[in-house]
Structures are given as structure tokens and as C-alpha cells.
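Please look over the structure shown below before reading on.

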Amino acid sequence: SFIGFDPKLHLRAKGNVVDVEGEQVDAKDPIRVLGRYLPKKQVEKEGFVGGAVGYFSYDYVRNVERIPSKNPDELGFPDFEFGVFEDCVIYDHRDKSVHYLSHFSDRSEQVLALSKEALEYGEYEAGAPKANMGREEYEKAGEAAKEKIVDGEIFQAVLSRRYSCPFRGSLLRFYNYLKQTD
């Protein structure tokens with residue numbers, strides 16, 4: 001596991017607009033804007049060495065390939081979002097060890113002091129989850145996908161049901177609960 005904190009830079013893209021620390025940059029190819037901000041440091045070490053950490057959304061593929069978009073963007077998540085980190089804490093689950101990685105200023109003493117503070121999770125309350133489609137509709141979508149594969153129209157499909165629930169309180173406590181139940 002990697003714990004990054006206090007990113008040097010935060011980038012977020014939606015469509016052809018990349019937000020770089022609050023500054024809007026119009027970009028025909030948003031990934032090139034991301035590339036301009038990535039660290040260009042040679043590191044002679046194996047494994048994770050820091051840098052840009054984030055995600056590309058599932059729908060980002062539409063920036064790379066011409067794919068029709070029939071689904072509405074109901075949630076408005078960014079197409080990609082990255083933080084550029086100069087240091088992090090690395091927890092090795094295999095040998096149960098913790099390491100600190102830094103490329104610039106050494107904040108290991110601050111990190112060590114924070115690790116000794118009591119963690120306040122807070123309370124949370126979550127309501128019953130609700131799916132965006134029923135089981136029958138989901139199964140019909142699966143059958144339709146199988147038919148399209150047999151017909152040679154597609155070679156794969158990614159089907160999913162999105163669940164949502166009302167939530168109030170500490171996301172950290174809720175995350176910890178989910179982690180323990182998974």
C-alpha cells in the first residue's frame with residue numbers, strides 16, 4: 001500500500017479541459033497536458049518510486065478511440081485525476097514493513113510524529129443500498145451481450161450495476177468498515 005500526502009500538483013480533466021491547480025487549460029489531447037507535468041527524474045530503483053498517482057475513468061477510452069456514447073454522464077466524475085507526489089509511505093504487506101520514500105525534502109520526522117497521534121475515525125451512518133437497475137434488467141443485458149458476441153458484433157462486454165446509498169459521517173470509518181468486511 002502507498003500513502004501519499006500533500007501532492008506537489010493536482011490535475012483533473014473533463015472533456016478537453018484540464019484543471020491544473022485551479023487553472024483551466026483547454027487541450028485537444030488532455031493526456032499530453034498531464035505528461036508535461038510528470039516528473040522527469042531518473043531513478044535507479046525497482047518498484048514504486050513516487051510520481052503521479054491517480055486514475056483514468058472507464059469512459060476515458062472515448063478520448064483515445066471513436067466509440068459511441070449512449071450512456072448519460074450522471075455522476076460527472078473527471079476523465080482523469082492525478083496528484084504528483086514527491087514523497088510517500090510504503091507499507092509492504094508481504095514482510096509487514098514500512099518505508100518512507102522521498103525525492104526532495106525529507107519529511108520523515110513529521111510523518112513519524114503523525115503516526116504516533118491517535119486517529120479519530122468519527123461516526124458514520126449509511127442507508128440501504130439501491131441499484132440503478134433491477135436483477136431482471138441486468139440479466140437481460142447479460143443475455144443481449146452474449147447474443148452480440150455470438151453474432152460477432154462485439155468480442156467483450158463490461159456489464160455493471162451501480163449501487164448508491166445515503167451516507168453521512170466519516171468516510172475513513174466507512175472505508176475501514178468496508179475493508180474489514182471484504
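A residue is called buried when its relative accessible area is under 20%, exposed when it is over 50%, and partly exposed in between, using a 1.4 Å probe and protein chains only. This is a predicted model, in which local features need pLDDT of at least 70 and side-chain atom pairs count only at pLDDT 80 or more, while totals for chains, interfaces and linings use all residues. Residues are numbered from 1 along each chain as its sequence is written, and side-chain values use heavy atoms, with hydrogens and water left out. Helices (H or I, at least four residues) and strands (E, at least two) are DSSP runs, numbered from the N terminus.

**Loop residues**

- Lys96 lies in the loop between E7 and E8, and at 61% relative accessibility Lys96 counts as exposed.
- The phi of Lys96 is near 55 degrees, a positive value in a residue other than glycine.
- Glu21, which is found in the loop between E3 and E4, also is not a glycine and has a positive phi of about 55 degrees.
- With a relative accessibility of 48%, Glu21 counts as partly exposed.
- Gln42 sits in the loop between helix H1 (30-37) and strand E5 (51-56), where it is exposed, with a relative accessible area of 74%.
- Between the C-alpha atoms of Gln42 and Leu178, which are 136 residues apart along the chain, the separation is 38 Å.

**Helix H1**

- Pro30, Val33 and Leu34 are the buried residues of H1.
- Seen down the helix axis, these buried residues fall within an arc of 100 degrees, so they line one face of H1; the arc is that of the directions from the helix axis to the C-beta atoms.
- An α-helix has 3.6 residues a turn, so residues three or four places apart point the same way.
- Arg32 and Arg36 are exposed residues carried by the face of H1 that is turned away from its buried side.
- The buried residues of H1 pack against strand E2 (9-14), strand E3 (17-20), strand E4 (23-26), E5 and strand E6 (80-85), where contact means heavy atoms within 4.5 Å.

**Cysteines**

- A disulfide is a pair of cysteine sulfur atoms within 2.5 Å, and by this rule the count comes to zero.
- Cys88 is buried, with a relative accessible area of 4%, whereas Cys165 is partly exposed, at 33%.

**Pockets**

- On a 1 Å grid over the protein atoms alone, a pocket is an open set of points where a 1.4 Å probe fits, with protein on both sides within 12 Å along at least five of seven lines, and lining residues have an atom within 4 Å of a point.
- The largest pocket is lined by 39 residues, and Tyr58, Asp59, Arg62, Asn71 and Val158 lie nearest its centre.
- Helix H3 (residues 135-150) gives the largest share of the lining of the largest pocket, five residues.
- The second largest pocket is lined by 22 residues, of which Ile3, Val89, Val111, Ser115 and Leu119 are the closest to its centre.
- Strand E7 (87-92), strand E8 (97-102), helix H2 (108-115) and helix H4 (171-181) each supply at least two residues of the lining of the second largest pocket, with the largest share, five residues, coming from H2.
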